[in-house]
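I opened the notebook to look up how the inside of this chain is put together. The entries follow in the order I made them.

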Amino acid sequence: MKLELFKFDSCPYCRRVMKFIEESGRNDIEYRDIHKNDDDRKRLVEVGGKEQVPCLFIDGKPLYESMDIIDWLKANPIA
């Protein structure tokens, strides 16, 4: 399963998700900073239809809202 988190560092909701990821010890998530990489920003908009972060791509499918992302990560621990 491929997991990518689209984010930017000053977003408080992104920071909430990243803090959970760090505390859970997960290392299976690639970070995509939409303020540092225009290609990542464009891909987020093309696939998800909006520039909203945080957004977790799960095998290319977007999941929005920080608490929904955290809930999904809790329900799907590293195998």
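Entry 1. I began with phenylalanine 6, which has 0% relative accessibility and so counts as buried, the cut-off being under 20%. The model is a predicted one, and I read every value with that in mind.

Entry 2. I looked up phenylalanine 57 next. Its relative accessibility is 0%, so phenylalanine 57 also counts as buried.

Entry 3. How many aromatic pairs are there? The count comes to one. I found that the ring centres of phenylalanine 6 and phenylalanine 57 are 4.4 Å apart and the planes are at 45°, so this pair is tilted. Phenylalanine 6 belongs to strand 1 and phenylalanine 57 to strand 3, so the pair ties together parts 51 residues apart in sequence.

Entry 4. I turned to the largest nonpolar core, which has 23 residues. Among those with the most contacts inside this core I noted Leu5, Phe6, Ile29 and Leu44. Two or more residues come from each of strand 1 (3-7), helix 1 (12-24), strand 3 (55-58) and helix 3 (66-75). Helix 1 gives the most, with five residues.

Entry 5. What is leucine 44 in contact with, leaving aside its neighbours within four places in sequence? I listed Phe6 and Phe57 among its contacts, and also Lys50 and Tyr64.

Entry 6. I then checked where lysine 50 lies relative to tyrosine 64. Lysine 50 is over the face of the tyrosine 64 ring, at 4.5 Å from the ring centre.

Note on methods
Residues numbered from 1 in each chain as written. Predicted model: local features only at pLDDT ≥ 70, side-chain atom pairs only at ≥ 80, totals over all residues. Heavy atoms only, no water. Core = buried A, V, L, I, M, F, W, Y, C linked by side-chain atoms within 4.5 Å. Buried < 20%, exposed > 50% of the residue type's maximum accessible area, 1.4 Å probe, protein only. Helix = DSSP H or I, 4+ residues; strand = E, 2+ residues; numbered from the N terminus. Contact = heavy atoms within 4.5 Å. Phe/Tyr/Trp six-rings, centres within 6.5 Å; stacked < 30°, edge-to-face > 60°. Lys NZ or Arg CZ within 6 Å of the ring centre and 35° of its normal.
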